Amino acid sequence: MKFIAHRGYSSLYPENSIEAFEAVIRHPENNKTLIGFECDIQMTADYRIAIMHNTSIADTSGKKVDIGAISLDHLRTLYRKSVHNPECILPDIHDVLKTVDHRTGICFEIKAGAWEREIFIPLLVEALESYRPAGDVTVSSFSGEILHAAIAATRRLELRYAFIFDRWESWKALSTSVKQALDFIHPHFKFVIQEPHKISACNIPVQCWTVNDPAVVRSIIDMSQKESNIHALMTDDLRLCEQFKDS
């Protein structure tokens, strides 16, 4: 079984931080049992692609503001306060690509935030073109519309694509054209456990999220002996990579 670090090594370092990503690169199982990390991307008001999971953040008054309504510098200031770490810098997509430099795989999850898709997609394409992916970058989203736009704009690049879902209705509503372009599906692990035949019927390699319980990992590994399309598990705890490296 392969593993993907959820928001980097997020059980030891601030999630979606350069420190969390560097820990994946340094991990002894990197490019073996550990095949990369997942992180979240969205656009700020000054047209920068920030690495951030939540689509809003508390300002100095405690009021929630959309990530798409503030600049990257302002977001970084608020982020440092939110994690109580003045040294922790929120990265943008270029920081991540420069740090990784093809030393591990990356899965970028595009968040459905309060920003203009028509501006975001060209910025994403520009960043990825400069990186020259070689099958080591996956673009994913919970949004079928966002994923459709990203696929249409990046098909000339050597990327992988994945659809994330935690409801079967989302999968059923996904367009046929997007389904045909997918390299992976990212269902919640409960579907793999509870409804493996439905997952198998999707006929697309599975990378499910987010599994931190060794007992659940063992159950899915045992299941993968019958359901061969189970490809990888996302986890916050990279100790699992070593615990199950021979499974």
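**Pockets and helix contacts in a predicted model**

Mentor: In this predicted model, the largest pocket holds about 210 Å³ of space.

Trainee: Which strand gives the most residues to the lining of the largest pocket?

Mentor: The lining of the largest pocket comprises 15 residues, and those closest to its centre are I35, G105, T138, F184 and Q207. At least two lining residues come from each of the strands β2 (34-43), β6 (105-110) and β7 (134-141). The strand that gives the most, with four residues, is β7.

Trainee: How many residues of the lining of the largest pocket are charged?

Mentor: The lining of the largest pocket divides by class into seven nonpolar and six polar residues. The number of charged residues there is two.

Trainee: Which element gives the most residues to the lining of the second largest pocket?

Mentor: The second largest pocket holds about 170 Å³ of space. Its lining consists of E15, N16, M52, H53, N54, S56, I57, A58, K64, Y79, S82 and V83. Two or more of these residues come from each of β4 (56-58) and α2 (72-82). The element that gives the most, with three residues, is β4.

Trainee: How many nonpolar residues does the lining of the second largest pocket have?

Mentor: By class, this lining has five polar and two charged residues. Its nonpolar residues number five.

Trainee: How are helices α1 and α3 oriented to each other, roughly parallel or roughly antiparallel?

Mentor: The axes of α1 (residues 18-26) and α3 (residues 93-100) come within 10 Å and cross at roughly 25 degrees. An angle under 35 degrees counts as roughly parallel. The orientation of α1 and α3 is therefore roughly parallel.

Trainee: What is the handedness of the crossing of α1 and α3, and how many charged residues does their contact have?

Mentor: The crossing of α1 and α3 is right-handed. On the α1 side the contact is made by I18, F21, E22 and I25, and on the α3 side by D95, V96, T99 and V100. Five residues of this contact are nonpolar and one is polar, while the number of charged residues is two.

Trainee: Which residues of α4 meet α5, and how are the two helices oriented to each other?

Mentor: From α4, the residues R117, I121 and V125 meet E145, I146, A149, A150, A153 and T154 of α5. By class, this contact has six nonpolar, one polar and two charged residues. The axes of α4 (residues 117-131) and α5 (residues 144-154) come within 10 Å, in a crossing of roughly 45 degrees that is right-handed. The orientation of α4 and α5 is therefore oblique.

Terms used:
Residues numbered from 1 in each chain as written. Predicted model: local features only at pLDDT ≥ 70, side-chain atom pairs only at ≥ 80, totals over all residues. Heavy atoms only, no water. Axes fitted to C-alpha atoms, helices over the stretch in contact; angles between N-to-C directions. Parallel < 35°, antiparallel > 145°, perpendicular 65-115°, else oblique. Left-handed = near helix turned anticlockwise from the far one by under 90°. Contact = heavy atoms within 4.5 Å. Nonpolar A, V, L, I, M, F, W, Y, C, P; charged D, E, K, R; others polar. 1 Å grid on protein atoms, 1.4 Å probe; cavity = no way out; pocket = protein on both sides within 12 Å on 5 of 7 lines; lining within 4 Å. Points joined across faces, edges and corners; volume = space filled by probe spheres on them.
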